[in-house]
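Here is a short note for a colleague opening this structure for the first time.

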Amino acid sequence: MSELEFVTTHRRHLHQNPELSLEEYETTNYIKKFLDDLNIPYETPLDTGVVAYLEGKSEHTLAFRADIDALPIEEENDVDYHSQVKGKMHACGHDGHTTALMLFVKRCKALQEQGQLPHNVVLIFQPAEESGGGANLLIKSGIFDSYKIEAIYGVHVMPFEEEGIYIVKDNEITASATEYRFYLEGTSSHVANKEQGHAASQGLQHVLTQLSQIQQYHLNGLKYNIVHIGRFHAGEAINTVPTQGYLEGTIRTYDLGDLKVIKSQMEKIAHSVEQLFNVKCRVEFAEGYPPTVNDPKLKKYVINSIEHNQKKVKEQSLPYLFGEDFSFYRQIAPSYFVFVGVRNTDKQFVTGLHTPTLNFDEKILVDIADYYEQLLFNYNEV
């Protein structure tokens with residue numbers, strides 16, 4: 001079986017069998033069987049996900065990570081490897097990330113058997129990137145405490161860049177992602193006596209208006225942030241003053257100082273609702289993923305590895321406003337995350353991440369394995 005056949009077979013199996021965050025039981029079993037067949041030791045510190053280890057010739061240890069979960073999206077691609085699970089799809093390319101790492105694992109094992117594996121390698125098949133912060137869960141499990149990891153690398157497919165282009169950026173490359181929720185409680189009354197009530201809907205309108213002003217009036221206009229309103233509702237019946245109101249959304253920013261300002265303004269908005277409308281209001285935050293910060297010290301290895309494989313490097317000027325839980329790994333070692341272009345207009349692979357028609361050519365997965373292999377050989381050599 002050629003390497004292209006290898007990645008095509010495994011990627012399409014995973015694509016047909018998507019599992020959501022922290023539900024990746026069959027995906028985990030599939031990876032474990034693959035590792036068992038190669039006689040590679042591994043650990044499963046969580047219910048899903050796998051961490052494998054191969055000993056190399058040096059004292060240096062590098063880690064490579066792939067995420068394994070899918071999304072609650074109904075696939076619309078007309079392909080023979082269409083998702084077999086209704087309402088679930090690998091719409092963010094994690095099936096590709098996993099398969100590329102599997103190919104790299106296979107190469108590392110062959111190098112080890114030949115006595116040519118240059119460094120120790122930790123191979124992370126991580127659950128729950130989309131929701132649940134699987135990276136943070138793995139770190140908190142203590143699985144990495146026994147490894148002296150010196151660098152951690154990861155990739156993500158990017159359908160907005162041409163196939164084979166590698167997008168790099170030192171320092172922040174993706175944004176923090178923080179969820180927020182407003183809860184409003186007014187006083188009910190019949191519409192005929194509406195003056196006796198306090199409408200949660202009126203308070204909700206105020207929240208909506210004020211949220212839209214945060215970026216314009218409270219943050220540096222040269223820096224881009226997102227205060228996104230995802231869903232809201234108020235009221236119980238057509239002829240009563242609304243008692244309950246609710247609003248939820250997400251904040252995306254790559255500057256933690258800006259995040260502090262946004263959260264402070266939201267607290268003030270909640271307080272003003274009570275003062276202006278006599279409606280109880282509170283805002284709660286679900287701390288999400290911090291920004292993904294690439295360590296500049298690792299860039300020389302990254303650039304050299306990309307160029308060694310005769311691939312094009314594109315320097316990203318501003319961070320993407322995606323959230324990405326690879327960001328947690330810098331708690332344990334310097335890390336570097338790159339995006340790999342998969343846009344192919346000839347094959348109509350042009351739709352974005354988290355869409356029901358995301359797709360890409362599997363040959364890019366062989367290229368990613370090439371990139372990982374060069375990172376392994378280049379470490380401390382350039």
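1. Start with the burial terms: buried means under 20% relative accessible area, exposed over 50%, and partly exposed in between (1.4 Å probe, protein chains only). Arg181 is partly exposed at 22% relative accessibility. Its salt-bridge partner is Glu248, at 3.6 Å, N to O. Glu248 sits in strand 9 (residues 244-253) and Arg181 in strand 7 (residues 171-185), 67 residues apart. Glu248 is buried, at 18%.

2. This is a predicted model: local features need pLDDT of at least 70, side-chain atom pairs count only at pLDDT 80 or more, and totals for chains, interfaces and linings use all residues. Residues are numbered from 1 along each chain as its sequence is written, and side-chain values use heavy atoms, with hydrogens and water left out.

3. A salt bridge here is a side-chain nitrogen of Lys or Arg within 4 Å of a carboxyl oxygen of Asp or Glu. The whole structure holds 23 salt bridges.

4. Look next at helix 9 (residues 363-378). Helices are DSSP runs (H or I, at least four residues), as are strands (E, at least two), numbered from the N terminus. Just after the helix, Asn380 takes a positive phi of about 65°.

5. Asp367 and Lys311 form a salt bridge at 3.4 Å, N to O. Asp367 lies in helix 9, and Lys311 in the loop between helix 8 (299-308) and strand 12 (313-315). Asp367 is buried at 17%; Lys311 is partly exposed at 27%.

6. Finally, check the network of salt bridges that links Glu3, Arg107, Asp370 and Glu373.

Methods
The expected span of a helix is 1.5 Å times one less than its number of residues.
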